[in-house]
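Hi,

Here is the structure I promised to pass along.

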Amino acid sequence: MKIKAQLLDEKGIDRSLIRISHEIIEKNKGTENIVLVGIKTRGVPIAERISKYIENFEGVSIPVGTLDITLYRDDLSEKYEQPSINNTSMDFEIKGKTIILVDDVLFTGRTVRAAMDAIIRAGRPKSIQLAVLIDRGHRELPIRPDYVGKNVPTSLSEIVHVKLLETDGENKVIISEKE
């Protein structure tokens, strides 16, 4: 992997997630009926961090659920036309809640669409919002995030790698060229 640039270091990730946490509180006028749902793999620890920051600021614990979506991506075989949904863990009621989907990188929008389908199958939320650490553009669907850590214009020949302590043993966001 040829690294082109480091987009965020540990402090940059923390600053982004702290800002997103404050924006969630402000947009929703508090924390009532909010739940976070992290899209596996890296969306889960990001959601957990946001929940901890909100608890530190507001003194309220925000539930965190896990959504496992094996998605259709450009680098997978064409036989995967529909994402499959597996290993979902949401120990809370969805009906009437404001669901905040959390992911590491927003790219084409297909993962988010599949996640929204899974959420709606599980119940009828009041609303669904989207928080992402990195928005790299190149949307194929009309999906936009409500909360963004960093907007990063990229080319289709680039890959954004989010590395988190919980999953990768380090905290940083880098960009590389496809090989």
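Let me start with the annotation: the unreviewed UniProt entry puts a short sequence motif, "PRPP-binding", at residues 99-111. Keep in mind that the model is a predicted one. In it, residues 99-111 are 62% strand and 15% helix, with 16 Å between the C-alpha atoms at the two ends.

Next, the packing. The largest nonpolar core has 27 residues, and the members that touch the most others are Ile24, Ile50, Leu133 and Ile134. At least two residues of this core come from each of helix H1 (10-27), strand E2 (34-39), helix H2 (43-58), strand E5 (98-106), strand E6 (127-135), strand E8 (158-163) and strand E9. Apart from that core there is another one, of 20 residues, including Val37, Ile39, Leu101 and Ala114. As a general point, nonpolar side chains in soluble globular proteins tend to be buried together.

Leu133 has contacts beyond its sequence neighbours (up to four places away) too: among them are Leu8, Ile13, Leu17, Ile46, Asp103, Asp104, Val162 and Val173.

Asn171 sits in the loop between helix H4 (165-168) and strand E9 (172-177). Is Asn171 buried or exposed? Its relative accessible area is 12%, so Asn171 counts as buried, the cut-off being under 20%.

Cheers

Terms used:
Residues numbered from 1 in each chain as written. Predicted model: local features only at pLDDT ≥ 70, side-chain atom pairs only at ≥ 80, totals over all residues. Heavy atoms only, no water. Helix = DSSP H or I, 4+ residues; strand = E, 2+ residues; numbered from the N terminus. Buried < 20%, exposed > 50% of the residue type's maximum accessible area, 1.4 Å probe, protein only. Core = buried A, V, L, I, M, F, W, Y, C linked by side-chain atoms within 4.5 Å. Contact = heavy atoms within 4.5 Å. UniProt positions renumbered as here; feature names shortened; annotations may be inferred.
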